[in-house]
Amino acid sequence: MDRPDLTQIVMDLHSDIPLDIVVRRQHGERQVFRNRHYTRLWTSGTRVMVAALWTEPEYRDTSGIRLMQQLTSLLADVRECSDVVQLVTNRDELESALASRKVALCLAVEGMTFVETWPLSDLSPCSQPGGLSEDGLLREKYDQSMALLEAVGSRDAILVWGDANALATGPDPLSGKMQENKGLTSFGRFVVKDLESRGMVVDISHLDDESADGVLESTSGCVIASHSNARALCDVPRNLPDRHIRAIGQRGGIVGINAYAGFLTGNEAAVDNFVDHIVHVANLIGTNGVGFGFDFLDYLDESPSHLVTQGLEGVHDVPRLLERMQQRGFTDVEIDQIAYQNALRIMF
Ligand SMILES: [Zn+2]
């Protein structure tokens, strides 16, 4: 059997590399993207990534400031490595980045708790006598945070991460425990519509079922799950029930399959388990509804090794995944759809 074309471009719908860059820069490293990430991403074919800004739970009360710190740090690293990486917001920028052998990053937010703690500028109406109501204050914080995120070209938004915030609720990704079960709030409904009006992609990964139902009820537009698997194959709260996979497919959305073993089998996993989830989602909504949202953490100094998927530990294994997909009966056209074209259609 022919090996798949290793020049196949791969787009990862979910990478936490921004946090790695931020933390390493805090410890004094510079040019982290060039020194730690560029070569392995480029040679694996992973040339386009949705780079998620995720504020750590220990910063919950100051998550607005933490998000700004992360953004500043990430942008500084991208600037220092501008010959090998580029932030892109549209198809033209993406194509010019790839033609210059740069990895293209597209920003996303993974959890929007920062809205609650966004530090308002002195120019905001709430600093005026009389101030704003609680709802008005939240709305003002939201508007200011979105102005910044729009300015840097953020393309995708997950409302909550393992928390209950002013928008929605999500299970703890590791324990599966739920903080509360309030679903999508009225403010969350407003945010879904507003994100759409700004042209951002609404992403239901990490939401609990009630919140995901609320998102699907509050819009008839395209919705995705950037890095979630099928609950029919691995019954954990972080994965999607078939009805949510079908709803995503009906709206022209995409499910990015996650390589974390805890969401593939709940225990040990190998590359075939990843392919099993692709097959399941493709059987429900077609091969144009599937992508990769790898969520790799192999580049961390302390990654949770017992839940690393054998044969799919990091981006270096992506060519082997494509080869296995071919052996399992996917055509070259289908592999191109799943590896790249579907995600490209959604994000740009
Ligand atoms: Zn995640």
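Predicted model: local features only at pLDDT ≥ 70, side-chain atom pairs only at ≥ 80, totals over all residues.
Helix α6 runs over residues 186-197 and has twelve residues. From first C-alpha to last, α6 reaches 17 Å, close to the 16 Å expected at 1.5 Å a residue. Gly199 follows α6 and has a positive phi, near 80 degrees.

Most residues other than glycine have a negative phi. His206 has a phi near 80 degrees, a positive value in a residue other than glycine. His206 is placed in the loop between β6 and α7. Is this residue buried or exposed? His206 has 27 other C-beta atoms within 10 Å. The cut-off for a buried residue is 20 or more, so His206 counts as buried. Asp295 likewise has a positive phi, near 60 degrees, and is not a glycine. The loop that holds Asp295 lies between β9 (290-292) and α11 (318-327). With 22 other C-beta atoms within 10 Å, Asp295 is buried.

The largest nonpolar core has 100 residues. Those with the most contacts inside this core are Ala51, Leu105, Leu159, Val215, Val255 and Phe274. Strand β4 (residues 103-110) supplies the largest share of the core, seven residues.

Helix packing was examined for α1 and α3. Two packed helices are described by the angle between their axes and the distance between the axes. The axes of α1 (residues 17-26) and α3 (residues 63-80) come within 9 Å. They cross at roughly 90 degrees, which makes α1 roughly perpendicular to α3. On the α1 side, the contact is made by Pro18, Ile21, Val22 and Arg25. On the α3 side, Gln70, Ser73, Leu74 and Asp77 make the contact.

Methods
Residues numbered from 1 in each chain as written. Core = buried A, V, L, I, M, F, W, Y, C linked by C-beta atoms within 7 Å. Buried ≥ 20, exposed ≤ 12 C-beta atoms within 10 Å, placed from the backbone. Helix = DSSP H or I, 4+ residues; strand = E, 2+ residues; numbered from the N terminus. Expected span 1.5 Å × (residues − 1). Axes fitted to C-alpha atoms, helices over the stretch in contact; angles between N-to-C directions. Parallel < 35°, antiparallel > 145°, perpendicular 65-115°, else oblique. Contact = placed C-beta atoms within 7 Å.
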